[in-house]
Amino acid sequence: MKKIFKKMVLTALALAVSCSLLPIASHAASTRKCYTISGGNTPVYSDTGLSRKYGTIFGSDELRVIDVTGRYTKVTYPISGGRTKTGYISTGAILWGTSGRAYTSRARITTYRRPGGSSYGYVDAGDRVVILGNSGDYTQVKYPVSGGYKYAFITRSNANQYLTGGGTSGSSNTATSLQMPLDNARCTWRSYSNWSWGNNRNGGGGGRVYHLGIDIIGSNDNVRAAANGRVAASGWNGANGNYVVLQHNLNGQTVYSFYAYMNRRNVSAGATVSKGSVIGTVGNTV
């Protein structure tokens, strides 16, 4: 045990030494440009506590970001006479998030200064783009430009289609059609032409009840993803037994598929899945 522990310590030390020889990129290493999100007047402060106001940023002012923290951001902004001034603003005035997942863009995407605002350039195909947050119909991104980066906004539909649909790894979330979740699937019951009604299994079995789904069987027990997507939820509850919820981007629209009563779940929340991949097995866990 002592020899193993010593080897682990030496390995960690070796990594620390080698890392110290590499250049470390700081927040201020490259220029980052942006506009305020609201477009209105934004107060600027001389201190990181944001208590001593000493200037104002207007909606038409392009900012240069020097340093970012969760609470405040140090920026340089234009003032009269072609001069600039440096101060601190609330981070929420320019950012929906300070970090996020990176994606490689699969197309050229128009960017905007703020949601619903003027054009601010574009993300090019092949650019490495960080998603900082989503709200309404827009997604905030950080993307590379000549000499640094920009914080800007793209439409959420473009983000789904050209960024998050492919992701950094795994399968694409984009889809054009859904498949049945079981091989050679067929419905186990029906009422006339409506597959959404079933027998009341509670309270003596009288009458009919509305059924939010269809009960199906197949030629084997493998439950398959109806389309490429992401696992939005995976768990168990008293109403649905073992269940999985998948989120898909179906022809530009967000669609969810729900799988219940499974004997086993093969996927966890956050994972990506391919159309037809096995996400669990048929069961009766209610």
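Me: What does contact mean here, and which residues does Leu-63 touch?
Reply: Contact means heavy atoms within 4.5 Å. Not counting residues up to four places away in sequence, Leu-63 touches Arg-32, Lys-33, Cys-34, Thr-36, Ile-57, Thr-76, Tyr-77, Ile-89 and Ile-94. This is a predicted model, where local features need pLDDT of at least 70 and side-chain atom pairs count only at pLDDT 80 or more, while totals for chains, interfaces and linings use all residues. Residues are numbered from 1 along each chain as its sequence is written, and side-chain values use heavy atoms, with hydrogens and water left out.

Me: Is Thr-36 buried or exposed?
Reply: Buried means under 20% relative accessible area, exposed means over 50%, and partly exposed lies in between (1.4 Å probe, protein chains only). Thr-36 is buried, because its relative accessible area is 0%. Thr-36 sits in the loop between E1 and strand E2 (42-45); helices (H or I, at least four residues) and strands (E, at least two) are DSSP runs, numbered from the N terminus. Leaving aside neighbours within four places in sequence, the contacts of Thr-36 are Thr-42, Ile-57, Gly-59, Leu-63, Ala-93, Ile-94 and Arg-114.

Me: How many residues does the largest nonpolar core have?
Reply: In soluble globular proteins, nonpolar side chains tend to be buried together. A nonpolar core is a set of buried Ala, Val, Leu, Ile, Met, Phe, Trp, Tyr and Cys residues joined through side-chain atoms within 4.5 Å. The largest one has 14 residues, and those with the most contacts inside it are Ile-57, Leu-63, Val-65, Ile-89, Ile-94 and Tyr-151. Strand E4 (63-68) and strand E5 (72-78) each supply at least two residues of this core. E4 gives the largest share, 3 residues.

Me: Which strands pair with E12?
Reply: Strands of a sheet pair through backbone hydrogen bonds, either parallel or antiparallel. Two strands count as paired if DSSP finds at least two bridges between them. Strand E1 (residues 31-34) pairs with E12 in the parallel sense over 3 bridges, and Gly-148 in E12 is the bridge partner of Thr-31. Strand E11 (residues 138-145) runs antiparallel to E12, joined by 8 bridges. Lys-142 stands opposite Tyr-151 in E12. E11 and E12 form a hairpin with 2 residues between them, and Gly-147 in the turn has a positive phi of about 85°.

Me: How many residues of strand E12 are buried?
Reply: Strand E12 (residues 148-155) is mostly covered, with 7 of its 8 residues buried.
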